[in-house]
Amino acid sequence: MQYISTRGDAPTLDFEGVLLAGLANDGGLYVPAAWPHLSASALRALRGQTYAETAFAVTWPFVEGCIDAAAYKRILEETYATFEHPAVTPLVQLGPDLWSLELFHGPTLAFKDVALQLLGRLFDHVLAKRGETIAIVGATSGDTGSAAIEACRDRKNIRICILHPDGRTSEAQRRQMTTVDAPNVMNIAIEGDFDACQDLVKAMFADRGFREEVNLSAVNSINWARVMAQIVYYVYAAVRLGAPDRPVAFAVPTGNFGNVFAAYAATRMGVPIQRLVIGSNANDILTRFFEAADMSMRPVAPTLSPSMDIQVSSNFERLLFDLYDRDGHAVARAMREFRETGRLSVGANRHGVATQLFRAARFDDAATLEGIRALQARSGYLADPHTAVGLLAAEALPEADCAMIVAATAHPAKFAAAIRQATGADPIMPDRLKAVFEKKETYSVMPNDLKTVQAAVRKMAGATA
Ligand SMILES: *Cc1c(COP(=O)(O)O)cnc(C)c1O
């Protein structure tokens, strides 16, 4: 498979190229040059298959030519063996036509594991082939850092350093990062806030000499391989509920538009998905777009679903590319307008095309808490605040005669304070989370100073190479 940029001016790359590049050098995002097709008989053939086998069938066209088939199968088996449920992403029935697709059975109990566990192994495989090592540096306010660390731990050709704001993450979040005992993992608590951490990371990437010296890299959410890995569970769930012979609908709590874009990709590949429902929290730029064609930036407001506190949904550009009939220069113009004016208009025709498939609804924190409480009272099922936003959206926008599947993106125990507020009781803590409260923590506290942090990253990159 060849990949092209959504802005039309970056070189075409193969899978290995997009895996390592992340962002395209014209500022765009890489997308497949054509969507592979899963025929009705190919979908029926997936019925008896395991998650890893399904992952191979769905993603092989995207990686073919870059990785040997047997090696790729091994990587997929190993990746999904780290999940604690035999179905990897099990379905739980909540109502006659309502299902929860639990994406949180991986090492850090959130859906980002599904893609990052694969990404870490793919990076390692490709780097070993090239005889290279990389240093991944990232900033986290809590959740994504642990998923990235778990994905990269013990990978021979990767070092990873995650900065978090000292004393400003929850104890569970900090411990999920700092109790990982692996020689290639470094945690630094910065004396500052999350923005300070992010500015340090940006400054390291902007320092070209440093970037080349340590072979700096990132595992951000615009990497195509992450979207690719997420397509699998949409296909897997649809097949379990009758695809291709019965259509399904999905509801997805959304921030960066990555997860729901993967569902869209499944529709482009031929999975009969009749509706995609987006759930937003108070940061509702996407809901305003789908409801009223209004895509205008507003300040970010903190909510109980922090992983969706985003105003610019970077993966949305991949949908725009299709809405603009894959005209990269038109997308580049639209994105320039968005950056300059804080507003994006796509025109009535394109908006009409988008709303044939997508619907959206927003829920504030009060509605989210009430949603968690009501669901538990009705069915005994406990949803985390992100999942609750998806569930509320599913209930607000039901589809007749069609299974509605909600992407459950985090385990409720990761958001215990919100659960307590909603239900008056603590969620049951799974063993995987309990364990981090017993393990020893390792991290260094450093001042908000670029030179100090760079020296530490340099030492990490060299010391274990
Ligand atoms: C990242 C995240 C989301 C949002 O996913 P996007 O791909 O950014 O739309 C939702 N819920 C949880 C728990 C997350 O960690």
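Tutor: A disulfide here is a pair of cysteine sulfur atoms within 2.5 Å, and the structure holds zero of them. C161 is in no disulfide, and its nearest cysteine sulfur, on C197, is 10 Å away. Keep in mind that this is a predicted model, where local features need pLDDT of at least 70, side-chain atom pairs count only at pLDDT 80 or more, and totals for chains, interfaces and linings use all residues. Numbering runs from 1 along each chain as its sequence is written, and side-chain values use heavy atoms, without hydrogens or water.

Now the second largest pocket: an open set of points on a 1 Å grid over the protein atoms alone where a 1.4 Å probe fits, with protein on both sides within 12 Å along at least five of seven lines. Its space comes to about 400 Å³, counted as what probe spheres set on the points fill. Lining residues have an atom within 4 Å of a point; there are 20, and A413, K414, F415, A416 and A417 sit closest to the centre. Helices α7 (171-178) and α18 (416-423) each supply at least two lining residues; a helix is a DSSP run of H or I, at least four residues. Because domain 1 (91-109 + 224-423) and domain 2 (133-220 + 430-465) both give residues to that lining, the pocket lies between them; the bounds come from an automatic or database domain assignment.
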